[in-house]
Amino acid sequence: MARKWNMIVDISRCENCRNCFLVTKDEHIGNDFPGYAASQPAHGHSWIDIQRKERGSYPIVEANFMPVMCNHCDDAPCMKVAQNGAISKRADGIVIIDPKKSKGQKQIVDACPYGAVYWNEEKQIPQAWIFDAHLLDQGWTKTRVETSCPTGVYRSIKIEDQAMQRLTEQEGLEVLQPELGTKPRVYYKNLHLMTQCFVAGSVAVNVEGVEECAEGAQVILKQNGSEIARATTDIFGEFKIDKVKKNSGQYELEVNSDVSMQFDLGDESLYLGTIRLAVGVAAAGS
Ligand code: SF4
Ligand code: SF4
């Protein structure tokens, strides 16, 4: 079975330094690679697009970043609308939009459900990240975006599909919008940082009239009476339960089995405020 290219993107490692975005511009602005890509315009294109998601609220808040690019789909919607053989999938899995044959075919931009194709107004062609195929074909063993990233977000690997399937299961990798059936070759690790919510809070206890952080408190998240997840508060009395689905309804939170509170989860992460032990009633909001 043939070995094919795949890209693994670990969202937890991205610091938004934008090196990968910039080296892609450096590679393509003013440079034509016949058979791969015409030059990228100086402005307006983000072949590697760094998307941002903030979660939580003060004091437990975080910003996460996700590079989004052409997924080199195995069942690519862009190929279905391309005429004149303008888009091809190579034996190694890489999808190439031919810079000559695609002239005038703006429908290719609209067909990509990931917004990964950009229209070059001057040249009248659709363009996307080419997996650095022109470099790989010269013998590079990694993509340029991978070599540019200081925090090891990217892993470009050429392996058989079965081996990639095993890796996907072992590492809990996910693809964007799997429900579309496009079979992307770009896989994400820690995608929950962009797509799911956390529930967090602070636990305090009254010690001889002084409110102290309650380290080591047991926090249990329940839904319909069943435990969903649990956590232990840290030295600051804080807890965070991650990977909770958006808009997933009503929950009950129990702390040390003697304080409980209810809340509804919408489409954003929740900081529940300070939960005070030893007063019999949980209070949301410090
Ligand atoms: S991500 Fe978009 S442009 Fe890239 S192969 Fe898939 S459908 Fe085509
Ligand atoms: S180079 Fe790495 S850390 Fe910087 S924006 Fe790109 S993926 Fe994120």
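Start with Lys 240, whose charged end sits over the ring of Phe 198, at 4.7 Å from the ring centre. Bear in mind that this is a predicted model. There is another arrangement of that kind at Arg 18: here the charged end lies over the ring of Phe 21, and the distance to the centre is 5.0 Å.

Next, rings against rings. How many aromatic pairs does a search of the whole structure find? The number is three. In one of them, Trp 5 and Phe 131 are tilted, with 6.0 Å from centre to centre and 45 degrees between the planes. That pair links distant parts of the chain, since Trp 5 is in strand E1, residues 3-10, and Phe 131 is in the loop between strand E7 (125-127) and helix H4 (133-136). The two are 126 residues apart. Are these residues buried or exposed? Trp 5 has a relative accessible area of 7%, and the limit for buried is under 20%, so Trp 5 counts as buried. Phe 131 is buried as well, with 1%.

Now the pair of Tyr 251 and Phe 263. Their ring centres are 5.7 Å apart and the planes meet at 20 degrees; stacked requires under 30 degrees, so this pair is stacked. Tyr 251 belongs to strand E15, residues 249-255, and Phe 263 to strand E16, residues 259-265, so the pair ties together parts 12 residues apart in sequence. Tyr 251 is buried at 4% relative accessibility, and Phe 263 is buried at 8%.

Back to Trp 5 for a moment. Together with Trp 129 and Phe 131, Trp 5 forms one aromatic cluster.

On to helix H6, which runs over residues 161-171. Which of its residues are buried? They are Met 164, Leu 167 and Thr 168. Looking down the axis of H6, these buried residues fall within an arc of 105 degrees, so they line one face of the helix. What do the buried residues of H6 pack against? They pack against E1, strand E8 (154-160) and strand E9 (186-189). E1 is the strand that holds Trp 5. Just after H6 comes Gly 172, which takes a positive phi of about 65 degrees.

What is Val 117 in contact with, leaving aside neighbours within four places in sequence? The partners are Ile 97, Ile 108, Val 109, Cys 112, Pro 126, Gln 127 and Ala 128. As for Glu 27, Val 117 is 90 residues from it in sequence, and the C-alpha to C-alpha distance is 17 Å.

Last, the cysteines. How many disulfides are there, taking a pair of sulfur atoms within 2.5 Å as the rule? The count is zero. Cys 70 is buried, with a relative accessible area of 14%. Cys 78 is buried too, with 11%.

That is the end of my list.

Methods
Residues are numbered from 1 along each chain as its sequence is written. Chains are lettered from A and ligands numbered from 1 in the order in which they are written. This is a predicted model: local features need pLDDT of at least 70, side-chain atom pairs count only at pLDDT 80 or more; totals for chains, interfaces and linings use all residues. Side-chain values use heavy atoms; hydrogens and water are left out. Contact means heavy atoms within 4.5 Å. Rings of Phe, Tyr and Trp (its six-membered ring) pair if their centres lie within 6.5 Å; planes under 30 degrees apart count as stacked, over 60 as edge-to-face and the rest as tilted. Helices (H or I, at least four residues) and strands (E, at least two) are DSSP runs, numbered from the N terminus. Buried means under 20% relative accessible area, exposed over 50%, partly exposed in between (1.4 Å probe, protein chains only). A charge sits over a ring if NZ of Lys or CZ of Arg is within 6 Å of the ring centre and within 35 degrees of the ring normal. The arc is that of the directions from the helix axis to the C-beta atoms. A disulfide is a pair of cysteine sulfur atoms within 2.5 Å.
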